[in-house]
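Please work through the exercises below with the sequence and the model at hand. Each task is followed by a solution in steps.

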Amino acid sequence: MSRALSVWWEGITVGVLRVDRHGDMTFAYTSDWLADPSRPPLSISLPKRREPFNRRECRPFFAGLLPEEAQRTAVARALGVSSRNDFKLLEALGGDVAGALTLWLEGETPPATELAGPATPLEDRQLVELLDSLPKRPLLAGERGLRLSLAGAQSKLPVVLVEGKVALPAAGQPTTHILKPSIPQFPTTTENEALALRLAAALGLSVAPVEARTAAGRPYLLVTRSDRRFDASGLARRLHQEDFCQALGIPPEHKYADEGGPTFKTSFDLLRRACTRPAVEVLKLLDAAIFNLIVGNSDAHGKNFSLLYEGGDVTLAPLYDILCTVAYADLSPKLAMKIAKRGTLEEIGKTTWTAFAADVGLGAPFVRRRVESLAHSADDAVPGVVEQIAATGLDREALSKYGSLIASRAARLATTV
């Protein structure tokens with residue numbers, strides 16, 4: 001006996017994801033979607049065609065909608081299913097995922113966004129209870145009426161805002177923000193990530209807006225989703241996106257370059273093939289590569305970069321999930337994507353940028369100028385960003401510690417050009 005999930009995009013069925021009694025998963029577009037030239041494919045890795053895609057072909061995209069690593073294991077445990085069962089996890093979580101899609105059992109119709117009931121804002125006490133429950137029940141998996149999913153290995157929860165307050169979404173309602181609590185095993189990650197994202201914005205990089213908040217003294221981040229837009233009537237609408245692993249047909253468990261995941265070379269090549277204005281997006285990715293090196297974010301892998309589809313344009317999505325990982329001794333300092341075969345800042349020298357430029361198809365003098373400019377700008381901007389975030393009530397001592405580390409890395413990087 002087979003089971004099937006209909007894949008919906010803006011109220012229209014795109015196709016059907018099916019699993020047979022042997023656990024073999026396939027995806028097929030509907031004939032109506034194929035016949036309409038204005039309807040795009042779900043992914044660069046899933047071009048429109050009549051033949052169904054087999055498991056090997058379709059799994060990278062659909063598994064890429066699910067949480068990863070320990071988060072996936074904990075979700076599966078909460079739901080009472082196998083952590084390896086992509087289909088059952090999508091069945092339980094696929095009501096609101098990254099991008100424009102929603103997944104529902106075949107024969108069901110997604111609740112109309114326009115008819116979604118009002119969400120109820122959470123009081124601080126309820127918010128603290130929610131923060132406490134996330135480690136045991138990530139994404140609130142199994143909670144009645146909630147079918148939410150986000151990729152990634154860090155604890156997070158898609159939410160909406162009601163009059164500025166955090167709320168859980170009503171049935172069918174697109175979430176608009178991502179709530180990120182501190183990571184218990186790593187101190188002051190809220191301060192760390194807030195500083196990294198705000199610093200990126202201060203340097204002019206395209207990043208997801210982030211706000212640091214507290215509930216009864218508990219810090220958390222509220223990140224604005226880049227794959228959502230509000231229409232003229234004030235309703236949130238879903239925009240499509242796919243991360244680089246999905247676009248390149250790489251399963252999420254191989255997201256690291258050393259395990260077959262995207263490299264900078266394949267990532268720059270992807271932007272040149274996929275984006276409407278590739279020259280602009282290529283420079284954004286260059287800035288991201290340099291900035292992650294400055295802040296010491298060694299975990300910038302292929303699932304942390306995405307393509308965003310909006311109004312016929314394809315762009316590099318605003319950056320997100322930026323953390324100074326080198327501040328934690330238990331995490332590897334080696335870059336998820338190496339820069340010209342160099343895995344740490346200490347390994348980078350004056351010849352590195354020439355080799356990197358050749359690898360990704362850019363001019364070496366331009367790359368060196370951009371490295372020097374961003375390094376000096378970061379060094380200059382750190383104190384002001386630290387003060388800005390400390391004024392919101394976050395831990396000033398922790399912010400200063402991360403700021404000093406980032407400033408020292410920026411100064412060191414400036415010497416490599």
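This is a predicted model: local features need pLDDT of at least 70, side-chain atom pairs count only at pLDDT 80 or more; totals for chains, interfaces and linings use all residues.

Residues are numbered from 1 along each chain as its sequence is written, and side-chain values use heavy atoms, with hydrogens and water left out.

**Exercise 1. Aromatic pairs**

Task: Classify the pair of Trp9 and Trp33, and then the pair of Phe264 and Phe356.

Solution. 

Step 1. A pair of aromatic rings is described by the distance of the centres and the angle of the planes. Rings of Phe, Tyr and Trp (its six-membered ring) pair if their centres lie within 6.5 Å; planes under 30 degrees apart count as stacked, over 60 as edge-to-face and the rest as tilted. By this criterion, the whole structure holds 13 aromatic pairs.

Step 2. For Trp9 and Trp33, the centres are 5.6 Å apart and the planes form an angle of 35 degrees, which makes the pair tilted. This pair links distant parts of the chain, with Trp9 in strand β1 (residues 3–9) and Trp33 in helix α1 (residues 31–35), 24 residues apart. Helices (H or I, at least four residues) and strands (E, at least two) are DSSP runs, numbered from the N terminus. Both Trp9 and Trp33 are buried, where buried means under 20% relative accessible area, exposed over 50% and partly exposed in between (1.4 Å probe, protein chains only).

Step 3. For Phe264 and Phe356, the centre-to-centre distance is 5.6 Å and the planes are at 90 degrees, an edge-to-face pair. Here too distant parts of the chain are linked: Phe264 belongs to helix α8 (residues 264–274) and Phe356 to helix α10 (residues 352–360), 92 residues apart. Phe264 counts as buried because its relative accessibility is 6%, and Phe356 counts as buried because its value is 0%.

**Exercise 2. A ring cluster and a charge**

Task: Which residues do ring pairs link into a cluster with Phe53, and which charged end sits over the ring of Phe53?

Solution. 

Step 1. The cluster joins Phe27, Tyr29, Phe53, Phe61 and Phe62 through ring pairs.

Step 2. A charge sits over a ring if NZ of Lys or CZ of Arg is within 6 Å of the ring centre and within 35 degrees of the ring normal. Arg49 places its charged end over the ring of Phe53, 3.9 Å from the centre. Another such case is Arg147 over the ring of Trp104, at 4.6 Å from the centre.

**Exercise 3. Helix α12 and its partners**

Task: Determine how α12 is oriented to α9 and to α11.

Solution. 

Step 1. Axes are lines fitted to C-alpha atoms, for helices over the stretch in contact, and angles run from 0 to 180 degrees between N-to-C directions. Angles under 35 degrees count as roughly parallel, over 145 as roughly antiparallel, 65 to 115 as roughly perpendicular and the rest as oblique.

Step 2. The axes of α9 (residues 278–295) and α12 (residues 396–414) come within 7 Å and cross at roughly 125 degrees; the two helices are therefore oblique to each other. In contact (heavy atoms within 4.5 Å) are Ile290, Leu293, Ile294 and Val295 of α9 with Ile406, Arg409, Ala410 and Leu413 of α12.

Step 3. Helix α11 (residues 364–390) packs with α12 at about 170 degrees, their axes 8 Å apart, so α11 and α12 are roughly antiparallel. Among the contact residues are Asp379 and Val382 of α11 and Ala407 of α12.

Step 4. Ala407 is buried, with a relative accessible area of 16%. Not counting residues up to four places away in sequence, Ala407 touches Asp379 and Val382.

**Exercise 4. An enclosed helix**

Task: Is helix α4 largely enclosed or open?

Solution. 

Step 1. The buried residues of α4 are Asp86, Phe87, Leu89, Leu90, Glu91 and Leu93.

Step 2. Helix α4 (residues 86–93) is largely enclosed by the rest of the structure, because six of its eight residues are buried. The elements covering these buried residues include β1, β2 (12–19), β3 (25–29), α2 (55–63), α3 (69–79) and β4 (101–105).

**Exercise 5. Positive phi**

Task: Where does Glu69 lie, and where does Thr188 lie?

Solution. 

Step 1. Most residues other than glycine have a negative phi. Glu69, although not a glycine, has a positive phi of about 50 degrees, and Thr188, also not a glycine, has a positive phi of about 50 degrees.

Step 2. Glu69 is found in helix α3 and is partly exposed at 46% relative accessible area. Thr188 lies in the loop between β7 (177–181) and α6 (189–202) and counts as partly exposed at 22%.
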